[in-house]
Amino acid sequence: MGYEEWLTKTEGFSFPRCLGAIDGKHITILAPAHTGSEYFNYKGSFSIVLLALVDSDYCFLFADIGTQGRISDQGVLNQSNLWKKICDGTLNLPTSCPLPGSNTNMPYVFLGGAFALSTHIMKPFPGHHLLGTPERMFNQQLSRSRVVVENTFGILSGRAYDA
């Protein structure tokens with residue numbers, strides 16, 4: 001995807017500089033033969049993980065499937081081609097620039113919940129915050145934009161049952 005195409009992705013999100021939302025989804029499977037607990041997840045079943053980056057139109061921009069269910073979402077991301085491209089700068093992401101009314105350069109980001117904070121991965125403030133606090137308002141805004149990835153998984157699951 002080119003620089004200009006990435007910029008169009010921000011239009012559908014209410015969170016500033018958001019290019020997409022990222023999350024992992026466990027897909028339940030039968031235990032593969034001779035794998036022991038390799039695919040056994042924290043939910044008490046065997047699974048593989050679907051890592052997805054989606055845009056505001058519920059379209060997949062990136063998908064990685066097949067990592068063992070015992071691996072955390074962060075571990076799945078760390079092993080993915082998406083993370084390699086983020087780290088080596090080959091995704092052609094727009095360059096950082098100031099938000100309106102600011103002189104501080106801000107990067108373009110992907111929104112995630114269970115991932116480590118990094119230059120291009122934004123996550124909510126941890127813990128509970130009182131109504132009206134900047135942290136709570138930030139988390140609500142991030143959550144409103146990030147829910148698109150959960151909805152995309154829901155749409156995908158619904159299609160699987162229709163087939």
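Below is a working chat about the predicted model shown above.

Student: What should I know about the model before we start?
Tutor: It is predicted: local features need pLDDT of at least 70, side-chain atom pairs count only at pLDDT 80 or more, and totals for chains, interfaces and linings use all residues. Residues are numbered from 1 along each chain as its sequence is written, and side-chain values use heavy atoms, with hydrogens and water left out.

Student: How many helices and strands does the protein have?
Tutor: Four helices and seven strands. These are DSSP runs numbered from the N terminus: helices are H or I with at least four residues, strands are E with at least two. Along the sequence the pattern reads α-β-β-β-α-α-β-β-β-β-α.

Student: What box do the C-alpha atoms fill?
Tutor: Roughly 60 × 40 × 30 Å, along the principal axes.

Student: And what share of the residues is buried?
Tutor: Buried residues are 39% of the 163. Buried means under 20% relative accessible area, exposed over 50%, and partly exposed in between, using a 1.4 Å probe and protein chains only.

Student: Which residues have the most contacts inside the largest nonpolar core?
Tutor: Ile22, Leu77, Leu82 and Phe110, in a core of 19 residues. Strand E1 (18–28), strand E2 (47–54), helix H2 (73–79) and helix H3 (81–88) each supply at least two of its residues. A nonpolar core is a set of buried Ala, Val, Leu, Ile, Met, Phe, Trp, Tyr and Cys residues joined through side-chain atoms within 4.5 Å.

Student: What does Ile22 touch, leaving aside neighbours within four places in sequence?
Tutor: Its contacts (heavy atoms within 4.5 Å) include Leu51, Leu53, Leu77, Leu82, Phe110, Phe115, Arg146 and Val149.

Student: Which residues are in the second core?
Tutor: That separate core has 14 residues, including Cys18, Ala21, Leu142 and Val149.

Student: What lines the largest pocket?
Tutor: Phe15, Pro16, Arg17, Leu99, Met106, Pro107, Val109, Thr119, Met122 and Phe138. By class, that lining has eight nonpolar, one polar and one charged residues. Ala, Val, Leu, Ile, Met, Phe, Trp, Tyr, Cys and Pro count as nonpolar, Asp, Glu, Lys and Arg as charged, and the others, Gly among them, as polar.

Student: Now the loops. Where is His34?
Tutor: In the loop between E1 and E2. His34 has a positive phi of about 60 degrees although it is not a glycine. His34 is exposed, at 86% relative accessible area.

Student: And Thr35, buried or exposed?
Tutor: Buried, at 18%. Thr35 lies in the loop between E1 and E2. A polar atom of its side chain is 2.8 Å from the backbone oxygen of Pro32.

Student: What about phi at Asn92?
Tutor: Near 60 degrees, a positive value in a residue other than glycine. Asn92 sits in the loop between H3 and strand E4 (97–98), and counts as partly exposed at 43%.

Student: Last one. Where is Gly132?
Tutor: In the loop between strand E7 (121–122) and helix H4 (134–162). Gly132 counts as exposed, at 55% relative accessibility. Gly132 and Ala114 are 18 residues apart in sequence and 24 Å apart in space, C-alpha to C-alpha.

Notes:
On a 1 Å grid over the protein atoms alone, a cavity is a set of points where a 1.4 Å probe fits but cannot get out, and a pocket is an open set with protein on both sides within 12 Å along at least five of seven lines; lining residues have an atom within 4 Å of a point. A polar contact is a pair of N or O atoms within 3.5 Å; within protein, one must be able to donate a hydrogen and the other to accept it, and residues adjacent in sequence count only if both atoms are side-chain atoms.
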